[in-house]
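Please look over the sequence and the model shown here before reading the report.

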Amino acid sequence: MTLAIDIGVARRFILGKQGLWPGRRWRGSAGTEQAMREMEYVQLDPLQIIARSHDIALHSRVIDYTPELWQDIAYQQRRFFDWGGWLATRPMDELPYWRVVMRRERNGDPDCDPRVHKMLHEHADVMAEIRALLNERGTLSNRDFDAAERKRTQSYRGRKDSSLGLYYLWRAGDVMTHHRENFERVYALTEAVAPEDLIWERGDEETDRFLLKKEISFSGLAQLSRTSDAFQRGVPFSRKQSILDALLANGDIIEVKVEGWRAVHYALSSDVELINDLMAGRVPNDWKPLNTTTTDEVVFLAPLDQVSARGRAKTLFDFDYVWEVYKPEHKRTYGYYTMPILWGDRLVARFDSRLDRPSNTFVILGFWLEDAQLGKNEAFAEALARGFTRFVGFLGASKLDARAISEALLQKRLQSSAE
């Protein structure tokens, strides 16, 4: 089966699959768990300028989300675990599939990162030491090892052999993240974290099908290209075509041709009804927002949000976006922590900002519209003010400084909404 759709349907489908359109449809702790499942992966990033990227991503999808709420769901309720060279959360009940990927990494499978196998063998004595210490103490973090007493390493994963030992035992599945302290992982043996009935492996063929279907669901529409990120998510590219052929033959997935896109993409067959609704101009029942839509209130996309990161903003929205945080200052076009602004189903602007903690003020450093006429649009001004009001509350800031916005209508509306 091949489905032909236009770019507008593709855009709304991908946004909706990720919980970003037509508005927030989840609330609170239970809603955060739902969002984390629907998103497939929540990519984690330690950098905190105004808030961490994963917290911003969940705020854009969940009403009443508060920073680090995901940690309670993952590490206290044990509903999710974090793992991988491409670091992200995964539902705990998926562990039997990921145990297969972990075993492949241990064994040096060609579809996996070869460094795991290499490190486990080169530092076998350190691995044994750490296992013994975990059996004795229960939990360990990098800070529990005195650098002066450890062998120095040159790895970007750590400067101590103990750091490498913890990290690669985690990659191999021998240990898991027990909890985090200031975002740093505190490890424990897998049997002390995961439910006993989930510490087993699915079959290899079943796991291959799972990995491809999860990758397709994560993208909404997937080309399944061999990118570094997809490779780190365990996609078995060496067997991709035979698995795709089987999934197509079994009716698990379909081919989708998008107007203006050269490559054929894939979608889950279970999502065809959603696409049909969108083609008919309907919002799927399961996507109905709980309060405002993205037309009523703009949404800010996190720097690592799946719908816009790594060049996807250009493909989906004709919006050039690069996260410039790792660029030297003189090479930045916009700013250090610039984020796109979603209004309706389009990216229409971007802004750079910082949180001034001494004065507890959220400061807009720069603001750029794709279309200058939006600066005079009353509906956009109202939607923008609502979006910033919610975002300032999420950050826990008490004041908003919008003086960097040059459009008089927008600045006035934002300042009045903040009073």
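## Basis of the model

This is a predicted model, in which local features need pLDDT of at least 70 and side-chain atom pairs count only at pLDDT 80 or more, while totals for chains, interfaces and linings use all residues. Residues are numbered from 1 along each chain as its sequence is written, and side-chain values use heavy atoms, with hydrogens and water left out.

## The mixed sheet

Helices (H or I, at least four residues) and strands (E, at least two) are DSSP runs, numbered from the N terminus, and two strands pair if DSSP finds at least two bridges between them. An open sheet is formed by 5 strands in the order β13-β14-β15-β16-β17, with mixed pairing. The edges are held by β13 (299–300) and β17 (399–401), each with a single partner strand, so one side of each has no neighbour in the sheet. Strands of a sheet pair through backbone hydrogen bonds, either parallel or antiparallel.

The pairing of β13 with β14 (residues 339–343) is antiparallel and runs over 2 bridges, and Val 299 stands opposite Leu 342 in β14. Helix α15 (residues 408–418) packs on the sheet, where it touches β16 (361–369) and β17, contact meaning heavy atoms within 4.5 Å. The direction of α15 makes about 165° with that of β17; axes are lines fitted to C-alpha atoms, for helices over the stretch in contact, and angles between N-to-C directions run from 0 to 180 degrees.

## Helix α5

Helix α5 (residues 95–107) has 13 residues and reaches 18 Å from its first C-alpha to its last, close to the 18 Å expected at 1.5 Å a residue, where the expected span is 1.5 Å times one less than the number of residues. Of its 13 residues, 10 are buried (under 20% relative accessible area, with exposed over 50% and partly exposed in between, for a 1.4 Å probe and protein chains only).

Among the buried residues of α5 are Tyr 97, Trp 98 and Arg 99, and the buried residues pack against β5 (80–83), β6 (88–91), α6 (114–122), α8 (161–172), β9 (175–181) and α9 (204–219). After α5 comes Gly 108, with a positive phi near 75°.

## Backbone features in loops

Most residues other than glycine have a negative phi, and most peptide bonds are trans. The peptide bond from Trp 21 to Pro 22 is cis, with omega near 5°, and Pro 22 lies in the loop between α1 (7–17) and β2 (26–27).

Glu 40, in the loop between α2 (28–39) and β3 (42–43), has a positive phi near 75° and counts as buried at 14% relative accessibility. Asp 64, in the loop between β4 (62–63) and α4 (69–76), has a positive phi near 65° and is exposed, with a relative accessible area of 52%.
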